[in-house]
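Subject: Structure handover

Hello,

Here is the structure I promised to pass on. Please open it first, then read my notes below.

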Amino acid sequence: MRRGRVALALLGGALLLGGCKAPTFGAFRGATTQGRDEFKLWVGFVIAGLAVAAIVWGLIFWTVIRHRRRGSDAIPRQFHENVPLEIVYTALPFVIVLVLFYFTVITENRIDAVASTPSEVVHVLGFRWGWSFTYDSSDGRSQGVQIATAAQPAALAQPATSAQYPQLVLPVGETTRVVLTSADVVHGFYVPAFNFSRYAQPGVVNRFDFTPTTIGVFRGQCTQYCGLYHSEMLFSVKVVSRSDFTHWLAAQQASQARSGSGATT
Ligand SMILES: [Cu+2]
């Protein structure tokens, strides 16, 4: 008992001292405010699951050891029911499910909430086999910037962050609205580091917000099998500072004004 408590205290202390080294249980910490909310929900679910597992495994091992056969063949005390125990093990899972459901609804509402005035608006179009990102012009006059890939991928099996694939550029600390749809079949718009995935469906427009918290380049991919080059439907998301973003957007606008159409990367 004592040794167990010491081990638990050591584990807790290690987690506290480790600070950001706390386990992620296989998920990303989330590079957006929405992704962080999702991560917190995930950790809550895993801890709840581990607590239930500890009780179940503890009771199994306790029963196996405490009531193991010891010499005599005497049949132990027999009983059929234990009403208080049955009420507890019926009510407790129900309460656990209610609590998990409550936090899921709260978190999903926060993730799905869209800002009334996002800083930027990007139209994301999934198509066989690529993505295009079209930025609304903020002043309402100039032409929106479009980033797209060729429909036939040139380079197979490159990393998602390779220049062969289109890149969605977002300003850090600001909310960008993504307006997502598909030109042909169902695709999945998935950014693992954001803990976020959503269908790109033909005829349906999905709107959601990203508020990136971390500067960096993150990989993205299609998660719905959509045909021959599904595995080539890669892209990356680059999160930059506001000034870098403004410069990038202006450069894109200038080069597209020169070529007279959307740039193809
Ligand atoms: Cu696809």
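One definition to start: a residue is buried if its relative accessible area is under 20%, exposed if it is over 50%, and partly exposed in between. Keep those cut-offs in mind. Also remember that this is a predicted model.

**The chain as a whole**

The protein chain has four helices and 11 strands. It holds 265 residues, and 32% of them are buried. Its accessible surface is about 16500 Å². Carbon and sulfur atoms supply 63% of that surface.

**The copper site**

Which protein atoms are the donors of the copper ion? They are ND1 of His187, SG of Cys222, SG of Cys226 and SD of Met233. These donors lie 2.1 to 2.4 Å from the ion. Along the chain they follow the spacing H-x34-C-x3-C-x6-M.

Why is the arrangement called tetrahedral? The four donor atoms subtend angles of 89 to 130° around the copper ion. For four donors, tetrahedral requires all angles to lie between 85 and 135 degrees. The angles here meet that test, so the arrangement is tetrahedral.

**Histidine 187 and cysteine 226**

Is histidine 187 buried or exposed? Its relative accessibility is 0%, so it counts as buried. Cysteine 226 has 8% relative accessibility, so it is buried too. Look at what surrounds histidine 187. Leaving aside neighbours within four places in sequence, its contacts include Gly126, Phe127, Arg128, Trp131, Tyr199 and Ala200. Cys222, Cys226 and Met233 are also among them.

**A helix pair**

Next, find helix α2 (residues 33-66) and helix α3 (residues 83-112). Their axes come within 9 Å and cross at roughly 170°. That makes α2 roughly antiparallel to α3. Residues in contact on the α2 side include Leu41, Phe45, Ala48 and Val52. On the α3 side, they include Ile96, Leu100, Phe103 and Ile111.

**An exposed loop residue**

Alanine 163 sits in the loop between β3 (145-148) and β4 (167-171). Its relative accessible area is 70%, so it is exposed. Phenylalanine 235 is 72 residues away along the chain, yet the two C-alpha atoms are separated by 9.1 Å.

**Backbone details to check**

Most residues other than glycine have a negative phi, and most peptide bonds are trans.

- The peptide bond from arginine 128 to tryptophan 129 is cis, with omega near 0°. Tryptophan 129 lies in the loop between β1 (120-127) and β2 (130-135).
- Phenylalanine 25 has a positive phi, near 55°. It is in the loop between α1 (2-18) and α2.

Best wishes

Notes: Residues are numbered from 1 along each chain as its sequence is written. This is a predicted model: local features need pLDDT of at least 70, side-chain atom pairs count only at pLDDT 80 or more; totals for chains, interfaces and linings use all residues. Side-chain values use heavy atoms; hydrogens and water are left out. Donors are N, O and S atoms within 2.8 Å of the metal (3.2 Å for Na, K and Ca); water is not among the atoms, so sites may look incomplete. Four donors count as tetrahedral if all angles lie between 85 and 135 degrees; four count as square planar and six as octahedral if opposite donors are over 155 degrees apart and all others between 65 and 115; anything else is irregular. Buried means under 20% relative accessible area, exposed over 50%, partly exposed in between (1.4 Å probe, protein chains only). Helices (H or I, at least four residues) and strands (E, at least two) are DSSP runs, numbered from the N terminus. Accessible areas come from the Shrake-Rupley method with a 1.4 Å probe; for residues, only the protein chains shown count as cover. Axes are lines fitted to C-alpha atoms, for helices over the stretch in contact, and angles run from 0 to 180 degrees between N-to-C directions. Angles under 35 degrees count as roughly parallel, over 145 as roughly antiparallel, 65 to 115 as roughly perpendicular and the rest as oblique. Contact means heavy atoms within 4.5 Å.
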